[in-house]
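User: I would like to go through this model with the criteria spelled out beside the values. Please set each term against its definition before concluding.

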Amino acid sequence: NELHTAEVYMQACKLVGVVPVSYFIRNLDSPTMTLTYHGLGPLGCRALAIALTDTHINTLELADNSIQAEGAKYIMETLRANFTIQHLDLSNNHLKSTGAEYVAKMLLDSISLKSVKLSNGFIDDDAKHFADALSLNARIKQLDLSHNEFCGKGGEYLGQLLNNEGLEVLDLSWNHLRMKGAVAFCAGLKVNMMLKHLDLSWNGFGNEGALAMGEALKFNNTLVHLNLSNNRLTNEGVSMLCRGLEFNDTLRVLMLQLAYNSLTVEGALALINVVKNTPKTALEEINICNVLVNENFVHLLEVTRQERPGLDVQYGGVGGFIAKKPPKRVDPMKIIQDYLDQRKLRLWDFFRNIDKDGIMRVSVSDFRKAVQQSSIPLDRYQIEELIQRLDRDRTGIVDY
C-alpha cells in the first residue's frame, strides 16, 4: 500500500510540476506525518492531497508551509475521502478569510477529525465560519485558535461556538478578547456543558472580563483547567473572579501568572481564602508564580493545607518584609546537611524513609510532610523555599 501511495504521489508531483518531498515518501509507514517547514506552497499541497486520499496516517502536521487558501481547499477535499486523519495542524499558512471558509467546510464535513490547530491571524468574521461549522459537528474534541486576531465580534462568535456539544479543549491564547469580546465569550461559557480545558492567556480580559468569567464560573460545572495568565487583571479583578469560584465545584487548576506586578498579596490571599472557605471547591492547583507573597499568606496557606493536603500553590517567593532590613537568609539545604552530619546520617537515608517504593522520587506533599514531622530545624518559609528549589519545573515531584 505504501508503494502504491508513493507512486501516486510521484505522479501527482509530476502532474502539478513540483519537486517531491522525500520525507513524505520515507515516512509513509508512520502514523504521524510531520511536514512542518517543508515549503509546500499551494501546489505542493495539491500533490500531497492527491496521495493522502488512501493512507493510514492519523496525524498530519502542515504548519508553516504557505499553503494559502488554495492549499486549504485541497486538504478539505482530501478529508472528504480520507477517514483516518484525526489530528491536523494548519497553523501559520496565510490562509486568510477564504482559507477560513474552506477550513470551516472541512470542520463541518469531516468524519474522522478530532483535533485541529488553526493559528493563522484569522479575523473576527472568520470566527463565524468556525462557530457555524462546529454547531453541527460534535466529533471535534480539541481546537487551537491561538495567535489569531479575534476581538469584540469574534468573542461573540466564539461564545456561540461553545454551543458545540463535543469540544473539550479550547486554546484561545494570544487573541484580542477584551471588554466586549471577553464578556460575550463568557456568556457562552456560562451554559457550555462539555469544555474541560480552556486557555485564555494573553488576551487583555481586564477586570471587566474577570467579572464576566466569575459569573460564568458560578454556573459552569465542567471546566477543570483554566488559564487566565497575563490578562491585565488587578486585585480587584481577582476578587471578582473569586466570587464565582465560591460557587464552583469542578475547576481544579487555575493559572494566573500576571506580569507587571498587577496582582499583589491582597489578590493572592483572596484566592487562598476561597479555597479555605469553600468546602465543595475542587481547586487543587493555583499558579501565581509571579506574585511575591508575605508571611500572612504562607501562614494562611499552611492552615488551608491542613484541611486540603493536596493543595499546590506556586508563587514567586516571600517578599514584602516589613522590617527595614530583611533577616539574614540561611540556606535550607545547608540546615538539612548540618542536621544529618550531626547524626552521622546521609541524605540518602533521609529520603529512603519517605520513599517507600524505592523509586528515587517522592511527591512534593510527602516530602513536605516528612520534613515537617522530622526534627530538622526548618521553619515553614524555609520548607517552601526548599520545595520551590527542588521542584523547579513544578512537576509535583522531588527527584533526588
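User: How many salt bridges does the rule find across the interface of domain 1 and domain 2, and what makes a pair count as one?

Analyst: The rule finds one salt bridge across that interface. The term requires a side-chain nitrogen of Lys or Arg within 4 Å of a carboxyl oxygen of Asp or Glu. The side chains of Arg305 and Glu384 meet at 3.3 Å, N to O, and the pair is therefore called a salt bridge because that distance lies within 4 Å. This is a predicted model, in which local features need pLDDT of at least 70 and side-chain atom pairs count only at pLDDT 80 or more, while totals for chains, interfaces and linings use all residues. Residues are numbered from 1 along each chain as its sequence is written, and side-chain values use heavy atoms, with hydrogens and water left out.

User: Where do domain 1 and domain 2 lie in the chain?

Analyst: Domain 1 covers 58-64 + 73-318 and domain 2 covers 332-399, with bounds that come from an automatic or database domain assignment. Their centres, taken over C-alpha atoms, are separated by 35 Å.

User: How do you know which residues of the two domains are in contact, and how many are there?

Analyst: Contact means heavy atoms within 4.5 Å, and by that criterion nine residues of domain 1 touch eight residues of domain 2.

User: What is the area buried between domain 1 and domain 2?

Analyst: It is about 950 Å², with carbon and sulfur atoms giving 46%; buried area is the accessible area (1.4 Å probe) that two parts lose on being put together, summed over both. In domain 1, Glu302, Arg305 and Tyr315 lose the most area to domain 2, together 41% of what that side buries.
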